[in-house]
Structure formats: C-alpha cells, structure tokens
Amino acid sequence: RPRRPRGPRPPGPDLAAPPRFPHLGPPLGAMAVASYDAQFSFQQDSIARLGDRGVSGKLSDEQQKKFNESPAMIAARKADELALQYTNDRDNQRMITDTFFRAEDSDWSASKSYDYKRTVDYYNILGIEELATLEEVKAAYKKLSLIYHPDKTKGLPQEQQQEYAKVFISVKNAHLVLGDKPTRRQYDYDRDHDRAKALVQGTDVHQEQHIDLTEVLDRIKEMQRPPGRDIEVPLQCKLEKFFYGGRKEVMRKRTVKDFYQGMITEQHTFRAIIARGASEPLVTFFKEQGDWHSDTKPDSITLRLTSKPHPHVERQGSDLVAKEELLLGEGAAQEPRLVADAPSLRGRHVLLWGRNPLFGAPPGASMELRLLGEGLSSSGALRLRCRLGGTGAGGGGAAAPPALSRVDARALLREATQLHADWRREGSASGDELLRRLAGALGQHGCPAQAGARTVYAWLSAALQQVRGEWGLIAKVNALLAQGEGQRPSLARFLARHGMAPPGGLEAAEEEEESWESWAAPAGGAAQRHGAGGLCDAPAMQRRSERAQETVCKVELVPFGKPTDLFTSPISTVSFFTNAGPVAGLPPRSLFALCFSSTACARKSAGQQWEALRGQLLPLLQGTAFLLLPATRHTLPRALTDFACPASRPSSTLPELPVPWKRLGDEAFRRGDCFEALGCYERCLQALEEGTLEGGDDLAARVLCNRAGCLARVGEPEASAAEAKRALEKRPGWGRAWGRVGHALSQLGEEHREEAFEACFKAVEFEPSTAHAGALLAAAGAARSPGPEASQKEREAGVAAATAGRLGAAVAHLTVALALVPPEEGEQQVAARAAAHANRAAVLCRLRMWEEAVADGRAAVGVAPTWAKAHNRLGVALLGAGQTEQAYTEFAWSLVIDNGNDVARSGQEACLTMLPRWQSLPARRRLEERFGADLGRPRASTRVFAISDLHYDHRPNEEWVHRLDELEYQEDVLIVAGNVANTHHTLTKGLKTLKSKFRRVFYVPGNEDVWMNPGEVHNSRFPDSFAKFLSLLETCDELGVDVFPAAICSDVFIVPLFSWYNAQFDKKSRPDPNYMPDETCVWPLDSREQLWKYMLKLNESLLEQTMKGTVITASHFLPLATLPFSSDGNIRAAQSMGCEDVEDCIRMARSSMHIYGHSTMQASEQHGGVMFVNRYHGYASDNPKDGPPPPLCVFDGLQGISVGDSREH
C-alpha cells in the first residue's frame, strides 16, 4: 500500500491491515479459503485417480504418515465417516418402513439406470419423502404421468403443451433414479457425502435449480381457467400529447395474489404510449393485468384515450383547425403586406407575414391557410382562417349606405346616370373626375365627400335594390358601373341567361323606361319585383348571391429550410414556411409563415415559462420577420377583386416596438461606458413609469440594480447604495441587490461596516454565489474580530441552519466562520479552517453548486491533507461536477487514511460503477473532440506505425526516441501498445517526445505503466494503481495523445482496448494463487478474478461508436493463447501474459488488425481473418548490436495492411 500523506491526522486504523471490498470482490480471507479448497480438491482428485500408486512411489513411510495426519486428510476421513453414518441410518429406517427393502453390497457395483445429477432433488420433483417405498415411487410417477404425458396433452394450447412436456421430462428422470434400488442407493450416498463434506468445511450444499411442480401446476391451472372480464377505462389527455408524443399514466387499485399473504390490494400504474399523430381513440390493451379472481383468469384492462378540448384548435383527422377566425383589422385590405399571428398548441405560436393575398379585396373576404407539417402528423396541417375585420381605411373603404326609399333611390340613380352621360360627352375628363362628381352627388344623401370607387359602387348597388323593374334605368346604371368595374360580367348577359330580362332585351327597354309593367305582370298574377320579394329572393338566387359576395383565398404553405434553434431558456425553435404554388388561381404570392415553438414548454407546469418566453421573443419576431426576406418588400401583390384598385395606395405600417433601453445599457456597461449605461437605464425607468414598456417591478429592480453597479464603478458609493435599496423595495429577496448594497456601503468608511456586513450576509443567504461569499468574507473580517470561540459559534450556527434546510443561511454562517478563524497557523486553527471549508462544501453540494463545492473541498484538503472527511467532501463535489476520475482519487485517498470509512467506500464503488459508461466531462470531451477530427483526411497519405514495450526510462531507448527523424513521421500515426515507463514523470516525457515526432499517437497503458513506484509512493503521488491509470488518461488529454477510438483518415479507425491478464490464459497448468507478478500494483478489485473483467467493461461503451471501414485495434496483453511468447524459464509466465476475452472486443469492433505487446517476441500472425502484430522494442539486450529497428509500418493508405504472416517466411 502507498504511504499516507504527510501531516497530522486523527488517529485511525492501521494501514497495514488488508483492504476489504465487500461489494467488489471477496475479502482476502475468503480468497485464501477458496485457494485452500482448490488445492485440497486437486489433491483428493489425484489420490482418487492414482490410489496408493500416486503416493507410495514418491513418499517415504515417514512422509506418508505425515501426509495421512495432515488436516486435509483428517477432514477427508471425517467426511467419509459422516457420509457412511448417514447412509447406514437411512438404510435402517428404510428397512422399517419398507419390508421388501434389502441393503446389499452389490448395489454399489451395479450400473446406474440413469446418469443422475447429485445436485438435483428428485424426491422433491415427485413430491415424496426420502424414505418412500418403491410402490410409493411408482404411484407418484403414474399419477403425474396421467397429467403430464404428451399423449394426455393433445388438444391443449401450444404454450400449455410445452409446460407439460418440461414437467414430464423431469418426472421421468426422477422415476428412473428412484425406481431402481442400486441407482437410488448410489444417489443417496453421493448426496450424503456432499452434505458431510459441506459440514466439515463449513460451507453450503450446492443445489441445482429444477422445475418446481407446484409452481408449474398452479400456472397450468391458471391457464385452464375461463377468461376474466374486459374492463374499458375511458381517459382523456391534452391534445399536445398527440402532437409531441408521450405517455399517459393512470393509477388503479387492483387485487392480486401474493405468495405469502393471499389476495391483497395494491396500486398499479398503467401506461399508454402515445405516438405522434396517433388516431383517436387510442386503445391500449393490458391482457390479464386487472383484478385477480379465484374462479377466472385476471381481468383485462383496455385504456381508451381521447384528447381533451383545446382552447385554440380542434382535431380533424391529422389536421389541426383553429376554432376562431383571425380578424386582420379594418385596414388590412389596403395593406400590400401582411403581419399576423395565431396561437396553436401549448408551446407553439404561428406568425404570418409577406405579400397580402387579400390586398384590395371587398369587405368580408377571407383566406384559408394550410401549414403543412404543423398538424398531428408529418402529413397533417394546421388550418387557419383569416377574415377582413371591417371596412378599409382611406379611399379604398366602403361606407355603409343608408336605407333609401324608392323615390330617393330613383332620383339618385337618375342623377348619377346624367352625370355619367355628361362625362362621356366631354371625352377628355378622367375617371377620377367622374368618381369625384358621383361622390359629390351622393354626398347629399350622407356619402363621404372623398369616397372611393368601392363606396360609390356600394351606394349605387343599394339604390338599385329599391327600384322595381325599371330596366331602362337599370341598364344605364349598369353601363355606369361597368365603367369602373372593368371585367365584371354584364348584368344584361346575367339576366338574359337566367330568363329574367324584359321582352326585347335591355336595349329595347332603355328607350321605354316606364314600360316595365307590360312584361313584369304576367296574366292572372301580381307584378314581379326586382327588389324585395322578387326573383332575387329565391333560395337558389340567395345562395348564389352569398357565394358571389364571399371572396375566399386558399393558401398552402410548406416548410422550407431547416428549423433554427434559439439558445433561449428553455431551448426554442423557429421553423419557416412558404407557399409553393398559385394562390386561388392567381400567380404565386410571396407569403411566409414562422412557427415559434418550444417542446419543453408543452408541459402544463411550464406555462409560465412559455408565457415569459413568448412575451419576450414574439414582439421581436413580429417587428423583424418581414425584414428576414427583403425581396418581399419590393413587390406589391395583385388584388383579388375584379375591378381596378385605386391609384393611391397607403404605405404599410409595422407595429411600433419599444426601444430596448435595458439591453442598450447592458451593452454599454460591458464596454465600460458607465455614463451612457446610466442614461439608457434612466430612459428605461421612464418608459416603465409611462407604461410604454412592460416588465413591472421585476424589470425595474434589475435596472435599478444595474444603475447601482454603474454608480459604484464611477466612484459614487452613496448613490449606488441608494439605487440598490430602491431595487430591494421592488424585489426584497434578491441577492444581487443586497450584494450591491454591501459593496457600496463597504466603500463609505468604518461607520458603515456593520451595515455592509449585514447586507453581504443577506446577499449570500439569498444567492450563495462565489462573488457574494468573497464579499461577505471581506466584510466579516472588517466588521468582526477573529477568535476561535466566535468562529466555532458561527460554524455551529451554519450546521444548525443546514439541518433546518436553510441552506443559504448555512453558507453565510460558514463563510463568516472562515473569516473569524485566527490567522495563526496552529493545529486548532487548521482544524477549524478545514472543518468550515468541508461543511460549506457539503452545503453547496446540497444546493447543486458543484464548482463552488469543488473549490471548498480543495481548500479543505489543502489545509488538512490527512483528514478523510475533507477528501470525502471533495470527492462528492467532483462526482456531482462530472469529474468522476478525480472523484475516485479523492475517495481512494480517504480509504488510505481511514480504511474503514463507509462514505469513502460507497463513493469509490459509485465511481467504479459510473466509469465504464464514460459520461464524465473529460471523457465526453475526449470522445467528441477527437473521434471525428480526421474523418476528412485523405486515406492515400496516411501511414500507421506500431511499437510496444518502449521502456523509455532505459537510457538507450530514450536516446533512440530522440534520434527519430523529425520530418519523416509528421503526417503519420503511431500506436504505442503499453509499457512506456514505470513512473508517471518519465512516461509523460516519453509520450510528449513521441507526440512531437508523429501527427497522432494512440496509447494503451501496460502493467508496468501502473506500477506504484517507490518514489511515487514516498511522495504520496497516487493512492493506488487505478488512480494512476486514470491520471495517465488525463495526462494523455493534456499532451494530445489518444486513448479512445478515433478516425485517422477517411474510413480508417484506431481503437485502443484496455485490458489485464487472467490466470485462465495458461492452458498447461492450474492457476497458482501465490503467483503475483505485479506485486507493486495496488487495486481496489481482486486482481486475479475481477480486474481483467473490469478492464474489458471499460471498452463496451466505446465500441458502440459507429466505425465503418478499416479498423485497427490495440491492447497491451495478448488476446490469443496461440500467439507466441517467451516464458524466460518461468513455468507460470502464461498466467500473466494475456486474456482471451480481449478477442471478443476485437470481433465486436470488426477489426482487421490488432497490435499487442507484453510478449518479448516480435510476431505477425493471422487468425480468423485478423492480423495480430507485436512490434516489441524492449531493452538493449533484446535488439541487434547496431540498435533497434525503426517503428514498424503496419498500414499504408495505398496498400492497406502492410505486414504479412511471419509464419510463412
């Protein structure tokens, strides 16, 4: 074991005691007993096979006598005597119960009727006692055969037949053993001998698992029972679950059968998995998982899941349909561009912008939008309906006409037709002049003086409804309206097509205005009217009129581009959509949509987060979305209406956004321009007071606190304290504001020291950050006098606060305790300082402030390196901070100091459990940064060299490394298969030198690399060999040396494999428990049975990486026992040479070549399609006189694997 760190420490157990690792392997005492049992069994086996011949020829009489009196032989004779006694007692009792039984010596030499297993209880299989007679054995067999024989199970379900077949095989074997008297007696004696041997050795008798007929019979009876009830449970969940996917859980009470307690009632959770876009109702069936019954099978539960009503959308198949129309506003028809937004599911919001398809449309026009991909499935869509909210603004609007009488309507229309006739005679007058004259004439009846074409058209149309069959007047007005309508269909053609025109047509009726009664009143009936009650009131005409007046624009938007992630808190995403084709038969519009979403905010509990996120980002997106695609700003859409648009078009107006004064002030503060920042913050406060900026007291408090920081920086502590106190009025429990108060008061002089201390204390209590703790440490040192009693009192107060759950106050009290420790470096002061740091680290761990806890833990260890609790606190903090490797080292040091420390033992076990996952921060960084760094390098210019057992601490080998050409290998890769040096310092030098020669170096540690060198033990460098192993990985990260799988070029990967040897590698001799080749290694695991398994476990998660192409693996130890190695006269050398389980990792990685070391023989052999290469370097005596050869090139990008099988030469 390494020596414990120097310095005073509390008394503890002796470090010479052997370590115990109850969860990781047997203690050393149990290992010794196991080794003794193995030797004893081997000796007994030899005697049984060779008899006296195996001993008499080798042992003298004295030796033979001594051997017979040995503890092993005494134990063997005692076991034989007990077994014989058990057998005689059973035979005597069986003669009493069975009059036909006779114990004969010939039974022992008779052949067995069945090759039984002595560890199987055949009596239990048949359900009989050990003293049962032969007739009872036959009766039990016959009874069970009538149930389980294959001929009796025909017609049963397949599953039940298989269960019966298993039972019958066991029953038949039991009958063969117990139905034959010699076989039964031999079977009983073997079981008696095992029982006697276990009693002598103090162990348990091994019993092999067999079929439990009782359990099988119960299961079969359950299969034969009639089915239970089918219970349907209706459930509802949020519609968001059908969009995002998820699960629905429901707790139900059910009655189940317990083996010990009978029928009991328990709470059971039923889970229904909801895939995205799942149809409704979603049915999930739980077969026989309901209530248990004595006469039927358990009930089956069916969960029928539907969605709850949503406030904004409803489901229609795979589509989501908005429940309410979007009202675009009164002036939307005059806006060439459109900006609108609509809520969707929780966590999603849709924003529309671009060219307005409803530009120039009449009132009531609507637009149907389909956003593909925003439905419940990838093929579904979100359907929105937008409608113009009212009349337009400016000249394009249409004022509502009043209700006119027939006389007024006729006078109005005649005046309009006369104005139209005058305008036509003048010839040179423009259309705007006609519109102005008509508006003036309509002004007498209440029409706006500056009415536009749509308003004039609406008034004339309303007047037309009041004249009854005056076709001449109607024709003239129709000619007037056609002047402005352009492409509107002719009223004459419409009336003629539907049989409503007068005889001779409208042209003839134009000459006789008053002759409408001649045709409008058919014989025997009343006159038909064009106005109310006429043909226009027919249902078919009303439906046609409604369809003609309703203008519907259908737009389909499809996703384009990839969604953009916004690094907000929580993470949000922006997806873009655009229309892919024409809009309502017109040329394509440039219309866009933006879906702002946050999956994390889909939960009901995240409603406040979503509202805050939407409130901050939606105004920004609304103000800038139209600027994202500038091309859309320079085009004006065509109108959907069928008449000419007015010449003057109002300019578009975007919503006014408040100036982000706080953000501008923050940027100025970061630049160091405090006065500009103060001005921006003042404007922000004014905007809050005027109500033009939202944010409330929370935003005001933050602005005031920032102002306090600016004033403190420019040398105005009084004003800074005043501003910080104003911030506390808005937000009393804010630690930052308390910190600003304390910082400002600490600059005002001695009279404010106590107040500054109290403010800093509050800051730490509400927000225990490193900055606040440092300020409190300084304020406490200035306001209070140090002393051991005061420090002890504050530390006790901190512990009490932590016990009560007031963690912030606990950090504050412990910080004050640190400040009050006297500066003298006495033993009492050291202990007080270490205890305060350790306790504060524990509190910070409870607050999950891992980095701060690590700093305190390191301070505690630095003050008291021999205190086990300090190492424990640092280990816990490192474990929480994701530094599993360093955490293991601290727990190992704690065990060196106090081997019985349960906290350290649990922490060490936790680290050993987590390490094979490689989820620590260094491991993830190692894999993410280096695995695919060279995937784009060309394969042709890549070469791979290999070397093993470099022994850089040997002077000639160090000189050989320095002599390597500086330029020859600059673009090449080197694999170092372990045993670089036995000290950490020398190994670092060697790898650093090799890294300067090669582009990339891959390294796997060897056994000598993790030796506990005496110098390192003396200096307390590492607590054990595993800590040194982890330190080597960290050093490789610093040097840029690879220890994890990585690509070296296109389609070529190198995979280092961690390994250790096991004794089973030796196929010629039995394992020797006394053989310890690496005695200087100290492991937390059993080095013979557990270490090699753990090393291979470290490779499992690394081999899950995707590696296609040529894969080259490397390990230090030999993966195959057939590979050549030199024993150097040591007959047990093979027991520490390799591990055949490494081959499983090689096959898992699909390796084409494997580099290994440890063996002193250079070789290259192909086995199973894999080339195994060892480029052993060794010492000077292992190489030619002219020096060792250069590294071996094992792969060339142009040729592939560049070494052949050495056995062929």
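**Cores and a helix pair in a predicted model**

Q: Which residues does phenylalanine 1058 touch?
A: Beyond residues up to four places away in sequence, phenylalanine 1058 touches Trp918, Pro1005, Phe1029, Leu1033, Val1043, Phe1044, Met1095, Leu1096, Leu1098, Asn1099 and Leu1102, where contact means heavy atoms within 4.5 Å. This is a predicted model, in which local features need pLDDT of at least 70 and side-chain atom pairs count only at pLDDT 80 or more, while totals for chains, interfaces and linings use all residues. Residues are numbered from 1 along each chain as its sequence is written, and side-chain values use heavy atoms, with hydrogens and water left out.

Q: Which members of the largest nonpolar core touch the most others?
A: Tyr1003, Phe1026, Phe1029, Phe1058 and Trp1060 do, in a core of 107 residues. A nonpolar core is a set of buried (under 20% relative accessible area) Ala, Val, Leu, Ile, Met, Phe, Trp, Tyr and Cys residues joined through side-chain atoms within 4.5 Å.

Q: And which helix gives the most to this core?
A: Helix α28 (residues 807–819) does, with eight residues; helices are DSSP runs of H or I, at least four residues, numbered from the N terminus.

Q: Changing topic, how do α20 and α21 cross?
A: The axes of α20 (residues 661–671) and α21 (residues 674–690), lines fitted to C-alpha atoms over the stretch in contact with angles from 0 to 180 degrees between N-to-C directions, come within 8 Å and cross at roughly 165 degrees. The two helices are therefore roughly antiparallel (over 145 degrees).

Methods
Angles under 35 degrees count as roughly parallel, over 145 as roughly antiparallel, 65 to 115 as roughly perpendicular and the rest as oblique. Buried means under 20% relative accessible area, exposed over 50%, partly exposed in between (1.4 Å probe, protein chains only).
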